[in-house]
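Please keep the structure open beside these notes as you read. They take the pockets in turn and then look at the annotated residues.

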Amino acid sequence: MRGRDVPALVSGREPYDPQAWFGRRAPLVLEIGSGMGETTAALAAAAPEVDHLAVEVYEPGLAQLLMRAAEAGLTNLQLLRGDAVELLCACVPPDSLDGIRIFFPDPWPKRRHHKRRLVQPAFVALAASRLRPGAPLHMATDWADYADQMRAVCDAEPLLRNTADTPDGWTPRPGWRPMTKFEQRARSEGRDVRDLIYVRV
Ligand SMILES: C[S@@+](CC[C@H](N)C(=O)[O-])C[C@H]1O[C@@H](n2cnc3c(N)ncnc32)[C@H](O)[C@@H]1O
C-alpha cells in the first residue's frame, strides 16, 4: 500500500480506480480528514470485508497512518493525499460510495472563520451525490455550534435523511467508533461529542 496524490487523480495523470487499487470489488467507504489515523486503522481492521479510502491533506498524519496500516497488515485501506473536495468533485462518480465519514473536522471556532468549515451546503450536496442510495454520511464533532450547523445543513439537503431515532435528533455514540485520545480529552474538558448519521435517500 502507498499514498496517492489527489492532484494526480484530478488531472487524470493517474486513474481513480479503487477496484484496481484494492484488487477486488467490495463496499467502499471514504473517510475525510483521517488525521493521525487512529480511528481509520482501527475501523479498517475491524471490517476487512469493506474497502477504506482515507483522504487527508496533512502529510505527517498520512505517514502515521501508513505505519499503522503496515503494522496491522491492512490490505483494505488506501491513502489519498490532498483535498477531499477536489477528489469528490473531479474523481468520485455519483452514487458510488457506500459511506462517507467525517470525524472531528476542523472546528474553526472563531465566527469570522466559520466559512472555512468543511460541512457547508455546497459540500454536503456534493458528498450526498457521491453516496449510493441508502449509504450513510457519518459525522462527529465535539463543538456544539458546529454540530448544530451540520444538522441544519444536512436537514436542508434533499438527498439526505437523518437516521436518528431519538427525541432530540442526535445519534447515540456508536460503540464501534473508536474512542481516541482526542475524544477522551474533549469529554474530560466537558465538551459533549455529537454523532450524526444521515443516509442518502
Ligand atoms: C481535527 S482533525 C481530526 C482528525 C481525525 N478525523 C480524528 O478524529 O482524530 C481534522 C483533519 O481534517 C483534515 N482536513 C481538513 N480539511 C480537509 C480537506 N478538505 N481534505 C482532506 N482533509 C482535510 C485536516 O488536515 C485534519 O487532519
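1. The second largest pocket in this predicted model has a volume of about 250 Å³. It is lined by 14 residues, and those nearest its centre are Pro-18, Gln-19, Leu-28, Ser-96 and Arg-132. Helix α2, which covers residues 18–22, contributes the most to this lining, with 3 residues, and the lining as a whole divides into 6 nonpolar, 2 polar and 6 charged residues.

2. The largest pocket holds about 890 Å³ of space, and of the 38 residues that line the largest pocket, Gly-33, Gly-35, Glu-56, Phe-104 and Asp-106 are the closest to its centre. The largest share of this lining, 3 residues, comes from α8, while the residues of the lining divide into 17 nonpolar, 8 polar and 13 charged.

3. The unreviewed UniProt entry carries the annotation "binding site" for Lys-110, Asp-142, Thr-180, Lys-181, Phe-182 and Glu-183. These residues are spread over 74 residues of sequence and are also spread in space, with up to 24.5 Å between C-alpha atoms. Among them, Asp-142, Thr-180, Phe-182 and Glu-183 belong to the lining of the largest pocket.

4. Asp-142 sits in the loop between β6 and α7, and it counts as buried because its relative accessibility is 5%, where the cut-off is under 20%. The side chain of Asp-142 makes a polar contact with the side chain of Arg-191, at 3.0 Å.

5. Is Glu-183 buried or exposed? Glu-183, whose place is in helix α8, is buried, with a relative accessible area of 0%. Its side chain makes a polar contact with that of Arg-173, at 2.8 Å, and the residues that Glu-183 touches also include Phe-104 and Val-193.

Key: Residues are numbered from 1 along each chain as its sequence is written. This is a predicted model: local features need pLDDT of at least 70, side-chain atom pairs count only at pLDDT 80 or more; totals for chains, interfaces and linings use all residues. Side-chain values use heavy atoms; hydrogens and water are left out. On a 1 Å grid over the protein atoms alone, a cavity is a set of points where a 1.4 Å probe fits but cannot get out, and a pocket is an open set with protein on both sides within 12 Å along at least five of seven lines; lining residues have an atom within 4 Å of a point. Grid points are joined across faces, edges and corners, and a volume is the space filled by probe spheres set on the points. Helices (H or I, at least four residues) and strands (E, at least two) are DSSP runs, numbered from the N terminus. Ala, Val, Leu, Ile, Met, Phe, Trp, Tyr, Cys and Pro count as nonpolar, Asp, Glu, Lys and Arg as charged, and the others, Gly among them, as polar. UniProt positions are given in the numbering used here, feature names are shortened, and annotations may be inferred rather than shown by experiment. Buried means under 20% relative accessible area, exposed over 50%, partly exposed in between (1.4 Å probe, protein chains only). A polar contact is a pair of N or O atoms within 3.5 Å; within protein, one must be able to donate a hydrogen and the other to accept it, and residues adjacent in sequence count only if both atoms are side-chain atoms. Contact means heavy atoms within 4.5 Å. Lists of a residue's contacts leave out its neighbours within four places in sequence.
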